[in-house]
Amino acid sequence: MSTVLTAAPAGVDSGPRGGVRAVLALARFEARRLLLSIPVVVAFVGYVAWVVWRTRTSWDGYPALQDVDRATQQGPLLVGLAVLVCAGSAVLRSLRHGTEDYFAIQVVEPWRRTVAHVLSVVPVALLTAVCVAGQFLWEAAKPGAVGGGSPAELLVGPLTVLLFGTLGVLLARVVRSPLAAPLLVVCLLFTLVLGTGTGSVDGLSWLAPVVSEGSATTLPSDLLGRPAAWHAVYLAGAALCVAFLAVLIAGGRRPTVRAGVALTLAVAVAGGILQAGGVEPSPELTAARERVSVAPEKEQTCVERGRSTYCAFPEWEPRAGTWAAVVDHVQSLAGGAAHERRLVVRQRIDARYGLGDDTAIPALTAPHQVTVGTAWGGNRVPEFSTAVAAVLVTGSEQAGSEVCDGRMVTIMWLSLSWQDEPVNALRRVRLDDSVEGSAVVLSPTDPLTMTEGQTDVVRELLEKPRPDVAERVKAHWAELTAPGVTTAEAAGLLGVTAPRTADSCE
């Protein structure tokens, strides 16, 4: 036998093993496969469907954009988990198909292929950024939108997808098993979803990609106290560090790769440390929160609308006209001096404890002043309307919260009769969502109380033509608003059936 010597194939020439163009070509190929992979497509469809379903009715059409930016962060988690699995699967494709040895004669080295896989995650992150921007702009375009969003908060979603995608590439280079990524996803689901509690947020909490702080109170954007910018730096540094580390493990020993690992690790650590230090409010922030909670008039602008004055924090000034429309509706139904009374509607919040705590706002004792909160729409409208009616009938918020006689009938009719669906508004303003029996009636400050008899009378009044009842209310205003008037007496004056039971708020 003789040995035949042939020239080496061009693919194993000792020249350069592929360059930037080859890496970018492979990255485009892998990006297309990643975007069209079934888990990623399903995740995006679910994400977009959730955005559309939620945004149609979110915040009852009156969003504060400093809340909207944080609301864009949860949806991308689903996309990120899908990208983690699919990016890792793409790296292991040659191992699954038994073609790993053939790559030894290709122009793209293993570490360059890893760079291509990392770059393939970028288009998915950019598509996520488009979805986040669409959700935010949809909310911002609503006529009732106020406030302003944070670019750093909006970056959290896309950066989370980028981090999870690079983590999938790194995991595939370290653990050559197709089960590694799904197991990590299960752990992340348990940690990020099932393991999320309602406790206070501390420095360690900010090591997670998404940090949620639930609160029923919307705060002015300059009082949030969230280290959002440093958190974005932390996520960006972590994503880039994981990417460089994957390239390093795959054989990319060049000085630029080593320097990239060190630099991005420093950025991630610095962002993590600085965000942890920003969790505790600064003395300046604490003083500002105290000021708007105790003396809001020092931070507000007041405008005249009709007979009344409306004082709001700067971001909520556009809502003065909306509040005035409610006051005008209620006051147009009142009789006596209340019909022309000048009211002061003041926005009040308790921001001293930040986003993590919801604190009740005490009723005002000063006469002819009404509290309005930072939220609006939905149930907030009948709640505010009830507060206005209580002040018109009793003179102050505190006196209104203590009513236990027939004046409650007049208060609730003034509050609800002008609304499109009065009986439904009665249901929404009561704590137990009922229209029968006794119940607690919600308002921006201290709640009111309705007895079973008062509920029956109010419900019957709301079913009668409003002009007929309005004429009786104005004609008997003095009697209906006199302290000590019984519900039976109020029912007789208004021409409806008197309750069988006496007034009792115990």
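Start with helix α4, residues 75–91. At 1.5 Å a residue, its 17 residues should span 24 Å, and the end C-alpha atoms are 25 Å apart, which agrees. The expected span is 1.5 Å times one less than the number of residues. Helices (H or I, at least four residues) and strands (E, at least two) are DSSP runs, numbered from the N terminus.

The model is predicted: local features need pLDDT of at least 70, side-chain atom pairs count only at pLDDT 80 or more, and totals for chains, interfaces and linings use all residues. Residues are numbered from 1 along each chain as its sequence is written, and side-chain values use heavy atoms, with hydrogens and water left out.

How much of α4 is covered? Most of it: 14 of its 17 residues are buried. Buried means under 20% relative accessible area, exposed over 50%, and partly exposed in between (1.4 Å probe, protein chains only).

Now turn to helix α1, residues 20–36. For its 17 residues, 1.5 Å a residue predicts a span of 24 Å, and the end C-alpha atoms are 24 Å apart, which agrees. Its buried residues include Val23, Ala27, Glu30, Ala31 and Leu34. They cover an arc of only 110° around the axis, which puts them on the same side of α1. That arc is taken from the directions from the helix axis to the C-beta atoms. Look at the face turned away from the buried side: it carries the exposed residues Arg21, Arg28, Arg32 and Leu36.

Next comes the sheet. Four strands form it, in the order β1-β2-β3-β4; it is open and its pairing is mixed. Its edge strands are β1 and β4 (369–372), each pairing on one side only. On average, neighbouring strands are turned by 20° against each other, direction ignored. Two strands pair if DSSP finds at least two bridges between them.

Strand β2 covers residues 308–312. Five of its five residues are buried, so β2 is largely enclosed by the rest of the structure. In a regular strand the side chains alternate between the two faces of the sheet. In β2, Ser308, Tyr310 and Ala312 point one way, while Thr309 and Cys311 point the other way.

What are the partners of β2? Strand β1 (residues 301–305) runs antiparallel to β2, joined by five bridges. Here Cys302 stands opposite Cys311. Two residues lie between the strands of this hairpin, and Gly306 takes a positive phi near 65°. Strand β3 (residues 344–347) runs parallel to β2, joined by three bridges. Cys311 stands opposite Arg346 in β3, and Tyr310 stands opposite Val345.

Helices pack here too. Helix α12 (residues 320–333) lies across β1, β2, β3 and β4, running at about 145° to β2. Helix α13 (residues 380–394) touches β3 and β4, and its direction makes about 170° with that of β4. Axes are lines fitted to C-alpha atoms, for helices over the stretch in contact, and angles run from 0 to 180 degrees between N-to-C directions.

Finish at Gln419, in the loop between α15 (407–416) and α16 (422–429). Gln419 is buried, with a relative accessible area of 10%. It touches Val381, Pro382, Ser385, Ala425 and Arg428, not counting residues up to four places away in sequence. Contact means heavy atoms within 4.5 Å.
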